[in-house]
2 protein chains.
Amino acid sequence: MRRGQPLYLDLADRLASGITEKRYPVGSLLPTEAELCAQFEISRFTAREAVKQLQAIGLVATRRGIGTEVVTAKPNAGRFSCAFDSVSEFIHSARLTRLTKIVTEDLPADKVVADALKREKGCPVLRIQATRILLSEKGRALRPIALVDVHVPAEYGAIREDLKHLDTTLNLLIEKRYGIRTSQVEQTVEPCLVDGSQAKVLNVKPGSLGILFTRRYVSDRGNPIEYVRNIQAGDDARLNMTMRSTGR
Amino acid sequence: MRRGQPLYLDLADRLASGITEKRYPVGSLLPTEAELCAQFEISRFTAREAVKQLQAIGLVATRRGIGTEVVTAKPNAGRFSCAFDSVSEFIHSARLTRLTKIVTEDLPADKVVADALKREKGCPVLRIQATRILLSEKGRALRPIALVDVHVPAEYGAIREDLKHLDTTLNLLIEKRYGIRTSQVEQTVEPCLVDGSQAKVLNVKPGSLGILFTRRYVSDRGNPIEYVRNIQAGDDARLNMTMRSTGR
DNA sequence: CCGTATTTGTGCGTATGTATA
DNA sequence: ATATACATACGCACAAATACG
């Protein structure tokens with residue numbers, strides 16, 4: 001603690017300015033922990049703590065065996081956008097639910113879907129529509145909570161075979177089957193009104209307030225792998241989140 | 001890593017169930033790091049990592065010289081709850097805006113406000129109503145983006161004097177003036193319809209779709225310091241967020 | 001007011017495990 | 001199979017904040 005600040009925060013600041021000043025461009029790897037130790041004459045503990053700070057504000061992502069990649073130089077561009085440090089809790093939250101009434105369809109992508117998946121308009125995609133229901137601890141169906149409408153590129157179409165006995169999320173299914181990793185999930189949340197047919201399935205009055213989640217899963221290579229539209233209504237038309245200070 | 005899980009996660013699970021099962025009641029202190037080391041025959045590193053996990057999901061708060069206090073036994077009630085690890089980007093996002101048409105009022109807390117602030121119903125609070133407007137780079141007012149309705153305990157009432165020349169957030173104002181730190185922000189997002197008077201201020205049609213943010217700021221000692229209701233409509237009735245994997 | 005004990009925060013060194021190329 | 005890089009885990013020491021006599 002030379003300048004009234006812990007060493008690791010000092011290093012975190014240096015690295016952060018290194019990123020904004022393009023010495024560590026987006027997409028490149030930060031120096032390895034060992035290199036940081038040598039360059040700044042610090043212990044590995046200090047180097048790791050510094051990198052954790054950068055992870056916490058979403059500037060970098062680390063993968064063991066690979067290194068620490070610079071993900072973005074501007075932690076957040078838009079208003080009210082936030083970087084999570086883990087999608088695991090998000091995925092975890094989908095545990096006690098299950099998809100039912102699954103309908104699949106092969107079709108050419110319309111403009112919206114094509115843009116989201118970064119493909120040409122008209123390219124073949126697999127569409128999966130379903131109802132997500134809440135389960136009790138014992139696995140009994142309690143009530144419908146969401147209408148989901150998923151599009152994946154046709155090359156992942158083989159997941160169709162696994163949909164019957166789906167006990168995880170679609171995304172995990174694709175990750176497992178095709179050996180890819182989701183590194184980023186982009187989500188938009190906006191209000192909507194549920195129409196008659198949607199209301200019937202969700203068991204609410206037609207025209208009542210709902211919330212529309214539009215979500216895109218992107219692989220660590222930057223390829224969109226899944227585009228989801230998700231409508232929830234009634235008590236489920238609500239998003240709770242907790243933001244925490246990192247201690248600075 | 002005995003059972004496929006790192007030791008510190010294992011300990012974190014034990015402590016978490018200890019909290020939910022009231023062996024460590026809310027308000028009490030967890031065993032000190034030294035005690036955890038002794039009881040579970042682990043190193044201090046492992047004990048600290050475990051406690052960090054609990055901090056990350058908001059179950060506990062630590063203060064040096066004191067110990068680790070149990071803050072709540074239920075980190076997140078609702079589904080689709082997500083723990084951010086930094087509120088700074090959220091605060092940052094409010095930079096190019098300003099509050100206008102600020103109206104203050106002293107009044108007794110109703111039930112909702114009292115519950116949110118963890119006070120008795122009828123306790124004195126300061127209410128601040130205002131319109132948040134978007135500013136251009138040069139500081140010119142562009143358009144209204146939100147109606148804000150803030151309640152703070154009367155003991156922070158002196159911030160009223162600073163509202164005239166407010167160039168930060170209300171929360172930072174309180175932090176600075178009273179020397180407290182916000183460690184956690186809990187937010188609920190839900191759809192709503194804007195009524196006539198709201199629509200007029202927000203410059204949208206009456207009855208159009210809006211989004212209601214309900215937010216509570218909690219200090220590092222677990223005291224609620226601010227309760228905010230925030231309505232946005234039109235193009236602002238949208239929440240964008242990006243979740244990234246850290247590589248775990 | 002001072003000194004001391006307690007408790008967490010910071011920092012170092014080292015060793016071993018695991019994922020990746 | 002080997003090398004690389006991060007993850008987990010142990011040990012130790014001292015600093016800083018707090019509580020208390």
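Predicted model: local features only at pLDDT ≥ 70, side-chain atom pairs only at ≥ 80, totals over all residues.
Residues are numbered from 1 along each chain as its sequence is written, and chains are lettered from A and ligands numbered from 1 in the order in which they are written.

**Chain A overall**

Chain A has seven helices and ten strands. Both are DSSP runs, numbered from the N terminus: helices are H or I with at least four residues, strands are E with at least two. Chain A has 248 residues, and 50% of them count as buried. Buried means under 20% relative accessible area, exposed means over 50%, and partly exposed lies in between (1.4 Å probe, protein chains only). Now take contacts in chain A between residues at least 6 apart in sequence: 56% of them join residues at least 24 apart. A contact means heavy atoms within 4.5 Å.

**Two helices that cross**

In chain A, helix α2 spans residues 33-40 and helix α3 spans residues 44-56. Their axes come within 9 Å and cross at roughly 115 degrees. Axes are lines fitted to C-alpha atoms, for helices over the stretch in contact, and angles run from 0 to 180 degrees between N-to-C directions. α2(A) and α3(A) are therefore roughly perpendicular to each other. The scale is simple: under 35 degrees is roughly parallel, over 145 roughly antiparallel, 65 to 115 roughly perpendicular, and the rest oblique.

The crossing of α2(A) and α3(A) is right-handed. Which residues of α2(A) and α3(A) meet? Glu33(A), Leu36(A) and Cys37(A) of α2(A) touch Arg44(A), Ala47(A), Arg48(A) and Val51(A) of α3(A). By class, this contact has four nonpolar, no polar and three charged residues. Here Ala, Val, Leu, Ile, Met, Phe, Trp, Tyr, Cys and Pro are nonpolar, Asp, Glu, Lys and Arg are charged, and the others, Gly among them, are polar.

In chain B, α2(B) and α3(B) pack at about 115 degrees, with axes 9 Å apart. Their crossing is right-handed.

**Residues around the chain B helices**

Glu35(B) sits in helix α2 of chain B. Glu35(B) and Ala47(B) are twelve residues apart in sequence, yet their C-alpha atoms are 9.3 Å apart in space. Thr46(B) lies in helix α3 of chain B. Leaving out residues up to four places away in sequence, Thr46(B) touches Leu7(B), Tyr8(B) and Leu11(B).

**Exposure at a glance**

| Residue | Relative accessible area | Class |
|---|---|---|
| Thr46(B) | 11% | buried |
| Cys192(B) | 13% | buried |
| Cys37(B) | 15% | buried |
| Glu35(B) | 39% | partly exposed |
| Lys101(A) | 59% | exposed |
| Lys101(B) | 62% | exposed |

**Lys101 in both chains**

Lys101(A) is in strand β4 (residues 97-108) of chain A. Its phi is near 50 degrees, a positive value in a residue other than glycine. Lys101(B) is in strand β4 of chain B, and phi of Lys101(B) is near 50 degrees.

**Cysteines without bonds**

How many disulfides does the structure hold? Over all chains, zero. A disulfide is counted when a pair of cysteine sulfur atoms lies within 2.5 Å. For Cys192(B), the closest cysteine sulfur is in Cys192(A), 13 Å away, so that pair is too far apart for a bond.

Terms used: Heavy atoms only, no water. Left-handed = near helix turned anticlockwise from the far one by under 90°.
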